[in-house]
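Biologist: I would like to learn how to read a model feature by feature. Please give me the general idea each time, then the case at hand.

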Amino acid sequence: MFSNIAIDLLKTLSKEELKKFELFINSPYFNTNAAIIKLFEAIKKHAPDYTDKNLHREKLFKKIYPEKAYNETSLRTRMSEMTDLIRKFFAVSRLEKNEFEFKLNIIQEVKQRNKFKLAEKYILEELSKLENKQDGEINYYSKLSLVKELVEVYRTSKMRNYSDYSVELGDSLFNFFYREFFAIANEIAYDKEVFNYKPEYDVTEEFIKTFNVKKFLETAKEKNYMHFPYLALFYYMHIVRTDYGNEENFYNLKELALNYHKNLSRAENNNIWSALINSINGGLRYKDAKYMREAFELNKFFLGLEIMPLEPGGYFYPEKFYNIFTIATGCKEFDFAERFAEENYKKVPPEVMDNIINLCRGIIQFFKKNYSGSIDYLNKVELNDIVVKIRARMYYFMNYYETNSFESANSLLDSFKHFISENKDVPDLLVNGIKQWLKYASNITNAKMNMKKLDYAVYKEAKDLNTNFWSKNWFIEKMEELI
């Protein structure tokens, strides 16, 4: 069997898709080359792996041209033509799945044929559907596309004055740009924060610095601009990430989210949820302990919206799952944390399901002071993920500390230090917090093992520290027992 783009693409087709492609390739509208049909018939018998020895070049050629001598160029040409048909099948299939793009293509074709009245009718019907959507979500791209077509219909046909629609076109274009712009700006901010990404020149950042967004939003609010809530939400989602610790920005975003969540899509609500929690985890929790309770209540609120998983048949994001669980345990809401984990772990991707629930059960048992039970669950966790490795190591240590297993505790701390120094896959954002964790873990272990008082300066430093290190509350409790 030889490597070929057509065969690689065929491997991606499900059984149902393969049947549809067979109809597609046999349709005279899409294909009139009988040789390609014969080639497909020879290949499809070996689905889904396509590894049979009959897929060698010479045997395939014989299936197509039984009376001819083998010709490499001819076979490659047929394979290339079949690749083009598969790509066309993908394009048609995708268009059929996207109802809006399908109808937009019809509108554009009708307009191109100078049937302006009919094009206008179709456009106004689609605009009416957008305005009357029950979930309240605004699809700015769809509206922009439709208004653009309507302006072109009126401009070309001279059926009516289109000045009002030109303003609406500008309105739709701006809203589409604004929303997409801040989505990209958030991605860049995330990369800068987590991976210490430093671009030579970030035009999005320069634009935000130059454009007085707050002044623009104030004016939009004064004018009762109907899209103000959306514009404000996108801005504050960005600013709470880039200006951690700003309480005013946090509460502005929270108020907007609570007031307008019914008008947002599941994905938008999920993004706002993440922005609010990141704002707390990134800075506010160190200003005031009340923000951990804020995070817990926000998690309860957004869980109540039932927006996870985002798509039917989709999965609960593992990191969001861990975040909800960890914040609950940090607030000592152990019953909630346990109930959440047991009720939702089957919604995460199957490949991480066992790991997630075993880690959560191990943590719950730790807080129930069942240390042997906690270690039993941790022993079931496969350490095949960076974050899971870190979390499991930390709870192993905490179990060892509570049971005075100092040799195991020191051995773990030593291996943990080597793991962090040698592993370049750990994001910079986590490294600093882990180093703080290792420092304080060593401090309390040495003090307890040697039956000495902990240096008060170490306790004061840990308590006042305004950066993240995991299980801070537990460390403070242990330090207070040693001073």
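Modeller: Y190, F195 and Y197 make a nonpolar patch of about 320 Å². Note that this is a predicted model: local features need pLDDT of at least 70, side-chain atom pairs count only at pLDDT 80 or more, and totals for chains, interfaces and linings use all residues. Residues are numbered from 1 along each chain as its sequence is written, and side-chain values use heavy atoms, with hydrogens and water left out.

Biologist: What are patches made of?

Modeller: Patches take residues with over 30% relative accessible area and no salt bridge; like charges are joined within 9 Å, and nonpolar side chains (Val, Leu, Ile, Met, Phe, Trp, Tyr) within 5 Å. Accessible areas come from the Shrake-Rupley method with a 1.4 Å probe, and for residues only the protein chains shown count as cover.

Biologist: Is F195 buried, partly exposed or exposed?

Modeller: Buried means under 20% relative accessible area, exposed means over 50%, and partly exposed lies in between (1.4 Å probe, protein chains only). F195 has 48% relative accessibility, so it counts as partly exposed. F195 belongs to helix α9, residues 163-195. Helices (H or I, at least four residues) and strands (E, at least two) are DSSP runs, numbered from the N terminus.

Biologist: How do I describe two packed helices?

Modeller: Use the angle between their axes and the distance between the axes. Axes are lines fitted to C-alpha atoms, for helices over the stretch in contact; angles run from 0 to 180 degrees between N-to-C directions. Take α9 with helix α8 (residues 140-157): their axes come within 9 Å and cross at roughly 155 degrees. That makes α8 roughly antiparallel to α9. The cut-offs are under 35 degrees for roughly parallel, over 145 for roughly antiparallel, 65 to 115 for roughly perpendicular, and oblique for the rest.

Biologist: What is the hand of the crossing where α8 passes α9?

Modeller: A crossing is left-handed if the near helix is turned anticlockwise from the far one by less than a right angle, and right-handed if clockwise. α8 passes α9 in a left-handed crossing.

Biologist: At what angle do the axes of α18 and α20 cross?

Modeller: Roughly 25 degrees, with the axes of helix α18 (residues 350-367) and helix α20 (residues 386-402) coming within 11 Å. α18 and α20 are therefore roughly parallel to each other. The crossing of α18 past α20 is left-handed.

Biologist: How many salt bridges does the structure hold?

Modeller: Side chains of opposite charge can pair when their charged atoms come close. The cut-off is a side-chain nitrogen of Lys or Arg within 4 Å of a carboxyl oxygen of Asp or Glu. The structure holds 31 salt bridges. R87 and D84 form one of them (3.2 Å, N to O). Both residues lie in helix α5 (residues 72-97), three residues apart, about one turn of the helix. R87 is exposed at 51%, and D84 is partly exposed at 41%.

Biologist: Which residue forms a salt bridge with K111?

Modeller: E149, with the closest N and O atoms 2.7 Å apart. K111 lies in helix α6 (residues 99-112) and E149 in helix α8, so the pair ties together parts that are 38 residues apart in sequence. K111 is buried, at 13% relative accessible area. E149 is buried too, at 3%.

Biologist: Where do E294 and K254 lie?

Modeller: First the contact: their side chains meet in a salt bridge (2.8 Å, N to O). The pair links distant parts of the chain, with E294 in helix α15 (residues 290-304) and K254 in helix α13 (residues 247-260), 40 residues apart. E294 is buried, at 14%. Salt bridges that share partners also join K192, D202, E205, E206 and K209 into one network.

Biologist: Now the backbone. Where are the cis peptide bonds and positive phi values?

Modeller: Most residues other than glycine have a negative phi, and most peptide bonds are trans. Here a cis bond joins A47 and P48, with omega about 0 degrees. P48 sits in the loop between α3 (34-44) and α4 (57-64). Y50 lies in the loop between α3 and α4. Y50 is not a glycine, yet has a positive phi of about 55 degrees. Y50 is buried, at 1%. Another cis bond joins M308 and P309, with omega about -5 degrees. P309 is in the loop between α15 and α16 (318-330). S471, not a glycine, has a positive phi of about 60 degrees. The loop between α23 (456-464) and α24 (472-482) holds S471.
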